[in-house]
Amino acid sequence: MPSSDEGYVTAETAVVVPALVLLVGMLLWGVMAAAGQIQCVDGARAGARAAARGEQGEAVRSAVRSAAPHGAVVRTVREGELVRVRVRARTAGPGPLTLALSAEAVAMAEDGAGVGTGVRR
């Protein structure tokens with residue numbers, strides 16, 4: 001005797017599985033965006049430390065790029081005794097799913113730290 005519930009499990013599965021795949025994709029994208037933000041913060045801090053020690057512009061950018069996401073843009077400015085490093089990057093993803101990420105770190109220049117840290121890029 002056939003049950004009137006035949007086919008409901010198949011229909012429910014056809015709706016639930018794509019929704020779960022979409023949810024997992026969104027969670028992975030969110031985790032990757034958070035990881036990119038953390039990399040921006042780490043890169044800015046590494047650059048600020050290097051600039052505060054008196055490293056030249058290319059050495060500061062190299063320190064930032066060692067920790068920052070691929071394709072990050074680095075800007076270093078010296079303001080009196082302070083060195084400010086800003087890192088900007090974008091998350092990976094198609095079109096509207098990319099986010100702008102940025103982080104900034106400030107450090108006080110060490111005594112006698114290089115004059116060349118005011119490099120802008």
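**View 1. How helices H1 and H2 cross.** A crossing is called left-handed if the near helix is turned anticlockwise from the far one by less than a right angle, and right-handed if clockwise. In this predicted model, H1 passes H2 in a right-handed crossing. Helices here are DSSP runs (H or I, at least four residues), numbered from the N terminus. H1 spans residues 8-53 and H2 residues 57-67; they pack at an angle of about 155°, with axes 7 Å apart. Axes are lines fitted to C-alpha atoms over the stretch in contact, and angles run from 0 to 180 degrees between N-to-C directions. The two helices are therefore roughly antiparallel, a term for angles over 145 degrees.

View 2. Asp42 and Arg45 join their side chains in a salt bridge (2.9 Å, N to O); the term asks for a side-chain nitrogen of Lys or Arg within 4 Å of a carboxyl oxygen of Asp or Glu. Three residues apart in helix H1, the two are separated by about one helical turn. The whole structure has six salt bridges.

**Reading the views.** Residues are numbered from 1 along each chain as its sequence is written, and side-chain values use heavy atoms, without hydrogens and water. Local features need pLDDT of at least 70 and side-chain atom pairs 80 or more, while totals for chains, interfaces and linings use all residues.

How values were computed: Parallel < 35°, antiparallel > 145°, perpendicular 65-115°, else oblique.
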